[in-house]
Amino acid sequence: MEQYKEQIQAAFIKEVCKKGYRVELKHDKGQLMDFYKDNIYLGSLMLNERFRFPEDIVFQNEIHEIMDMYEKTKAMYKQYARAMPLFSQDLPNYRVLSECGMVLLAVKMRQSGSLEFVTWNYDYDQKGVNQGNYFEDNFEAAKKDYAIRSGLMPGYQVFNKDELKMIYQSCVFRGQYDGNITWNEEMGLRKLMEKIEDGLPELQDKMLDAVHQPDMEATMDCGRE
C-alpha cells in the first residue's frame, strides 16, 4: 500500500477531524501526527504506522476509535488496489469492488486522492450500468445500499432516510430538554447520532439548526463541528 500512503493519511485525517478530534502533523522523532481532544493529548501515529499513547491512558474509547478509523481507511484503499476495472467506455476510472446478480458496488479515485463509492444496476446486456446511487467517500453507506439492492440484506431490516431523520430528531430533542438524562444515556445518544450522521451527513447541519444547536451543545456538549 506504499503507493497510496499519502491518500490514506489524508482520508484518515479527514475522518478523525469529522469526529471532533484535532490533528497536528509531525515529522520528527519518528512521529507522523498527534491527536488531541479538547486540547488534551491522546497519542501519536508513528512513521512506522504504529500508535503510541501515554502510559496513563484515560481516553481509551477515543483511542480505540482513532485506531479503528485508521485500520478501516487502510482496508478501504487496499480493496481499491485489488479491485478490477469496470469495463465501460463511459466510466473508465471506476473499479468493481463486488457484484451480485445485476447489481455492483464500484469505486473510483478522485484527483484529490479521495475515493468515491457508487452502486449501480447492470444494463440487460451487462455492457453498461444505470440507476447509480453515489455516496461520496462513505464506504459503509455504499456497502449497505449494495447489500439491500442486491438482496443480500432484506430492506425491512434497515431504516429508511425518513425514519432515520425521525430517530435523529428524537435524540436531539431528548439531549436538549431531558433534564434527568444520565451521563451513560447522553453518551449513548451521542454515539447513535454519529452513526446516523455517517449515513446522512446533511443531518448534522439541518437538524441541529432546526432545534437551536447552541442550546443543545450546552446540554450535551456534542463536540461536533
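Select Lys143 and Phe139: Lys143 lies over the face of Phe139, 4.6 Å from the ring centre. The model on screen is a predicted one, and this pair is the starting point of the tour.

**Stop 1: around Phe139**

Phe117 belongs to strand 8 (residues 115–122) and Phe139 to helix 3 (residues 139–149), so the pair ties together parts that are 22 residues apart in sequence.

**Stop 2**

Helix 3 lies across strand 6 (95–100), strand 7 (103–109), strand 8 and strand 9, and runs at about 10° to strand 8. These strands are part of an open sheet of five strands in the order 5-6-7-8-9, with antiparallel pairing. Which strands are at the edges? They are strand 5 (84–85) and strand 9 (129–134), each of which pairs on one side only.

Zoom in on strands 8 and 9. They run antiparallel and are joined by four bridges. Select Thr119 to find one end of a bridge; its partner in strand 9 is Asn133.

Next, select Glu116 and Arg110. Their side chains meet in a salt bridge, 3.5 Å from N to O. Glu116 is buried, with a relative accessible area of 12%, while Arg110 is partly exposed at 22%.

**Stop 2: an aromatic cluster**

How many aromatic pairs does the structure hold? There are twelve. For one of them, select Phe12 and Phe35: the ring centres are 5.8 Å apart and the planes are at 80°, so the pair is edge-to-face. Phe12 is in helix 1 (residues 5–18) and Phe35 in strand 2 (residues 31–37), so the pair links parts of the chain that are distant, 23 residues apart. Phe12 counts as buried at 0% relative accessibility, and Phe35 counts as buried at 1%.

Together with Phe12 and Phe35 they form one aromatic cluster.

**Stop 4**

Select Tyr36 and Arg22. The charged end of Arg22 sits over the ring of Tyr36, 4.3 Å from the ring centre. Arg22 is also linked with Glu24, Lys26 and Asp34 in a network of salt bridges.

Then move to Lys37 and Glu62, whose side chains meet in a salt bridge with 2.8 Å from N to O. Lys37 is in strand 2 and Glu62 in helix 2 (residues 60–82), and the two are 25 residues apart. Both Lys37 and Glu62 are buried.

**Stop 3**

The structure has 15 salt bridges by count. For the last one on this tour, select Arg174 and Glu185, whose side chains meet at 3.0 Å, N to O. Arg174 counts as partly exposed at 32% relative accessibility. Glu185 is partly exposed too, with a relative accessible area of 33%.

Technical notes
Residues numbered from 1 in each chain as written. Predicted model: local features only at pLDDT ≥ 70, side-chain atom pairs only at ≥ 80, totals over all residues. Heavy atoms only, no water. Phe/Tyr/Trp six-rings, centres within 6.5 Å; stacked < 30°, edge-to-face > 60°. Buried < 20%, exposed > 50% of the residue type's maximum accessible area, 1.4 Å probe, protein only. Lys NZ or Arg CZ within 6 Å of the ring centre and 35° of its normal. Pairing = 2+ DSSP bridges. Contact = heavy atoms within 4.5 Å. Axes fitted to C-alpha atoms, helices over the stretch in contact; angles between N-to-C directions. Salt bridge = Lys/Arg side-chain N within 4 Å of Asp/Glu carboxyl O.
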